[in-house]
Amino acid sequence: MILSGRVTVNGEQVKTLGTLAVWGVDSIGVDGREIPAPSERVYLILNKPFGYICALKDPAGRPLVTDLVKNLPQRVYPVGRLDFDTLGLLLLTNDGDWAHRLTHPRYHVPRTYKITVAGRITDLALSKLTKGLLLEDGESGPSKTQLILRNERQSILRMTITRGMSRQVRLMVEATGFRVVHLMRISFGNLQLGDLKIGRYRHLTADEVRGTKRLVGMI
Ligand code: URA
């Protein structure tokens, strides 16, 4: 398109391949029509480290997940919560409707966790986790629970839930008489943590955002 003279930047025809322009700052045109500026909405996926809290401020001065996305022009906030000592997939956004729907139990968005439990978990405990348990805040609802590894020292499970009650995974495991020693969220709806490094974030792709919106009836 550049070589055939169809592209302008700030009104000037661009003739050189590799010319740089900033989308949203420079006015970029093709065939005389300006490309719309990027959406003001921001959708981020972060690999939350241990020891960060999902809040906008903390009277105790502990690190905030928003400290990890400091250089953005938009102010974003976490979509739901992960505990201080939970790691993994956390979404951040400035789109309130999207955040609300993804976390509202009505939309049953599945969340998958990799859980390390102290000791050898029993088949009975696994079956209770699958069927669901009565917690203080109500029924947990069923889960899809898969045993990945089990020995005398520890057991590793992969569990998918769709309710997202506060501390739900830890409370479910505790209700079976076991204790969580490590917890990581590895997927949320259509989104996977993948190989995103701990403490790093990236913008969701347009396809990923569309996928989440489809899941919660926004498109
Ligand atoms: N369930 C928990 O118990 N903790 C989390 O951080 C997320 C889900």
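Modeller: By the rule used here, the count comes to 12 salt bridges. A salt bridge is a side-chain nitrogen of Lys or Arg within 4 Å of a carboxyl oxygen of Asp or Glu. This is a predicted model, in which local features need pLDDT of at least 70 and side-chain atom pairs count only at pLDDT 80 or more, while totals for chains, interfaces and linings use all residues. Residues are numbered from 1 along each chain as its sequence is written, and side-chain values use heavy atoms, with hydrogens and water left out.

Start with the layout. The protein chain is assigned domain 1 (1–38), domain 2 (43–105 + 191–215) and domain 3 (110–188); such bounds come from an automatic or database domain assignment. The C-alpha centres of domain 2 and domain 3 lie 22 Å apart. Their contact (heavy atoms within 4.5 Å) takes 15 residues from domain 2 and 12 residues from domain 3.

Now the area. Between domain 2 and domain 3, about 1,300 Å² is buried, and carbon and sulfur atoms give 48% of this. Buried area is the accessible area (1.4 Å probe) that two parts lose on being put together, summed over both. On the domain 2 side, D83, L87 and L89 supply 33% of the area buried against domain 3, more than any other three residues.

Next, the links. Three salt bridges join domain 2 and domain 3. R170 forms a salt bridge with D85, and their closest N and O atoms are 3.2 Å apart. R170 sits in helix 3 (residues 168–175), whereas D85 is in the loop between strand 6 (77–78) and strand 7. The two residues are 85 apart in the chain. Helices (H or I, at least four residues) and strands (E, at least two) are DSSP runs, numbered from the N terminus.

Last, the ligand. Its surroundings are L82, D83, T86, Y113, R167, Q168, V169, R170 and L183, each with a heavy atom within 4 Å of the ligand. A polar side-chain atom of D83 lies 2.7 Å from a ligand nitrogen atom. In the side chain of T86, an N or O atom is 2.8 Å from a ligand oxygen atom. R167 uses its backbone: an N or O atom there lies 3.1 Å from an oxygen atom of the ligand.

Definitions and conventions: Polar contact = N/O pair within 3.5 Å; in protein donor to acceptor, adjacent residues only side chain to side chain.
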